[in-house]
Amino acid sequence: MKGNKLAMDDIFRKETKSFQAYVPGKPVEEVKMELGLNEIDKLASNENQLGPSPKAVEAVRQAAADIHFYPEAGCPELRRELAEKLGVAENQLVFGNGGEELIQLIAQTFINQRDEIITADPTFGIYGITAGLMGATTVRVSFKDKDFDLPGMAAAINPKTKLIYLCSPNNPTGNYISKEQLEVFLQKVPSDLPLLIDEAYYEFAASCPNYPDTISLLAKRPRTIILRTFSKISGIAGVRIGYLISSVELATELNKIKLIFGVNRLAQEAARGALKDEDHLKKTLEMNRRSLDRMMNAFNEWDLDYFPSAANFIFVDTGIDSRRLFDQLLRLGTIVRPGFYWGWDNWIRVSTGTTEQTERFIQRLKKVLDSERPASKT
Ligand SMILES: Cc1ncc(COP(=O)(O)O)c(C=O)c1O
């Protein structure tokens, strides 16, 4: 047809124009070859360095024989078991291909063009990215005195606000919102406004003083959505499965929109296995505590500022540009997440690890700090 040409610019959704392509890190095997290293400790993605729950692995092995069948769309067995464990109704749950997909589903379900969302800054970047794709603007409220500025977030609410995102414990800082802080905040947030509480690191924080029981909030505030994932605590990030807990009304709408077969057969079974694996959970929490304590001791000794962490990573001010530090640590064999991603140029986020990985990280960091800051306390 003549005269009906679409320019390249016109074929994509206009919101995609402002998007930057995700630049993945080089595959670990490639980096090893390039740098002549035998081993690399990847402490950059908050994975569980203990490995996957053995019960999840066994469940995947058994389920592998059935992968010629589509998965059960509604994850019925997992749904029943998880609902019972959490003390919620089965139709309050929404499962997804990792929490990441669920954050996108939330944007697709709630957000219209020109809406606004409110997030903390720094926080998990996917909130702004997914809302941006739907044409919304992200209002970022900076941390104040190394904590969430919850009054600032409440003050940012206006008629365009569609959703508030709280990440607790927060990625990348690792601090959490206490029960009291949340109560005060919610007094200022209209109850009709949807609120996401991202608890991807819930299990690491659950025993912290005054960590809120967010599920009990649902009865009082049904427009709340809680996100959790099996990626971190259960060590099954590679099969991708996370879930939302909300009111029946919101969960029903979210389930309506989601991909029918989004949660694959292996992921469903891995999650069921992991749910029964108390031993792996206990060992993970123990490893995490040891690693955090060891790192905090070193940071204290060296006078480095950091956020006390309730998660499986810690955010620390090294006083050195994080791009350069990232590079030097990589050459020594540890991969961390540089803070410049969040505009915190001298900070790095490092995941917890085994005793050996943690020790290696500390030695390597010391080596870099000593060479960069000869007069420092390290
Ligand atoms: C705060 C937060 N939310 C959600 C996720 C998504 O996790 P997944 O997609 O592996 O379930 C992550 C992963 O790093 C995270 O840090």
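Analyst: In this predicted model, strand β6 (residues 195-198) runs parallel to strand β7 (residues 224-229), and the two pair over 4 bridges. Within this pairing, L195 stands opposite T224 of β7.

Both strands belong to an open sheet of 7 strands, in which the order is β2-β8-β7-β6-β5-β3-β4 and the pairing is mixed. The edges are formed by β2 (93-96) and β4 (137-142); each has a single partner strand, so one side of each lacks a neighbour in the sheet. From one strand to the next, the twist averages 20 degrees.

Helices pack on this sheet as well. Helix α4 (residues 76-86) touches β2 and β8 (242-245), and its direction makes about 125 degrees with that of β2. Helix α6 (residues 126-133) lies across β3 (116-121), β4 and β5 (161-167), where it runs at about 165 degrees to β3.

The ligand is surrounded by 13 residues, and T229 is among the closest, together with G98, G99, E100 and S231. By class, this shell comprises 7 polar, 4 nonpolar and 2 charged residues.

The contact between them draws 19 residues from domain 1 and 17 residues from domain 2. On the side of domain 1 that touches domain 2, α13 (278-301) and β10 (313-317) are the elements giving two or more residues, and α13 gives the most, with 5 residues. That side has 11 nonpolar, 6 polar and 2 charged residues.

Conventions: Residues numbered from 1 in each chain as written. Predicted model: local features only at pLDDT ≥ 70, side-chain atom pairs only at ≥ 80, totals over all residues. Pairing = 2+ DSSP bridges. Axes fitted to C-alpha atoms, helices over the stretch in contact; angles between N-to-C directions. Contact = placed C-beta atoms within 7 Å. Near = placed C-beta within 6 Å. Nonpolar A, V, L, I, M, F, W, Y, C, P; charged D, E, K, R; others polar.
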